[in-house]
Amino acid sequence: MATSDSTDGMSGVLQFMKLVGQLKRVPRTGWVYRHVKNPESVSDHMYRMAVMALTLADESFDKSRCIKLALVHDMAECIVGDIAPADNVSKEEKHRREEDAMKHLTSLLKDSVRKEIYELWEEYESQLSPEARLVKELDQLEMVLQAHEYEELENNPGKMQEFFDTTQGRFHNPEVLQLVNSLNQERAAHLEAGKGGSVDGPHGTS
């Protein structure tokens, strides 16, 4: 009987893993709308966020918790997809859909793991902890870093300016601010270099 119970439990975990695995095939909507060739997936985004959290030097934050928050924060998108502002879905409706998705996902897991993952997601959504707020900044940092990389890949400086505009005033952590400033300097050099000729790359839309 114990073997049967164990097998049933693993069936739920396997289904959870299959659902989460779909994140590898969910493209980030913002890049799709900007006609990026081979846009990153949601799991690509979350992976680099987790690595960003891993490299944090500020010991006042719980680094392990930040990594977990990064890995969980967009997990619901394996069911609801990546809902972007351009989709005209209210924040309340977006939250409701993602909340339902997280309840379904975590119901497939044992109680202790279910509780941990769901509470991590709630913590990020509520933005009440220092770690959640820091990971939100990492979310924004990862987005603009990716935007800059697409500009470089397409040889189209400035194409993704709207993504940088949406992050104005959102960075407060000193360590993150240093990274953003470094990125802005690199991007400024790229923009300056692009003034000398056409900025339309093979997939440019300018």
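Select N173 to begin: with a relative accessible area of 8%, N173 is buried (under 20% relative accessible area; exposed is over 50% and partly exposed lies in between, with a 1.4 Å probe and protein chains only). The model is a predicted one, in which local features need pLDDT of at least 70 and side-chain atom pairs count only at pLDDT 80 or more, while totals for chains, interfaces and linings use all residues. Residues are numbered from 1 along each chain as its sequence is written, and side-chain values use heavy atoms, with hydrogens and water left out.

N173 sits in the loop between α9 and α10 (helices are DSSP runs of H or I with at least four residues, strands are runs of E with at least two, and both are numbered from the N terminus). Display its surroundings next: leaving aside residues up to four places away in sequence, N173 touches D58, F61, L134 and E137 (contact means heavy atoms within 4.5 Å).

Now select α10 itself, residues 174-194. This helix has 21 residues and reaches 30 Å from its first C-alpha to its last, close to the 30 Å expected at 1.5 Å a residue (the expected span is 1.5 Å times one less than the number of residues). Colour V176, V180, L183, R187, H190 and G194, which are buried. They cover an arc of only 80° around the axis, which puts them on the same side of α10 (the arc is that of the directions from the helix axis to the C-beta atoms). An α-helix has 3.6 residues a turn, so residues three or four places apart point the same way. Turn to the face away from the buried side to find the exposed residues P174, Q178, Q185 and A193. Among the elements covering the buried residues of α10 are α8 (130-153) and α9 (161-165).

The next stop is the largest nonpolar core, which has 47 residues; W31, M102 and L141 touch the most other members (such a core is a set of buried Ala, Val, Leu, Ile, Met, Phe, Trp, Tyr and Cys residues joined through side-chain atoms within 4.5 Å). The largest share of this core, eight residues, comes from α8. Centre on M102: beyond residues up to four places away in sequence, M102 touches V72, M75, A76, I117, Y118 and W121.

Finally, select C66 and C78. C66 is buried at 0% relative accessible area, and C78 is buried at 6%. The structure holds zero disulfides (pairs of cysteine sulfur atoms within 2.5 Å).
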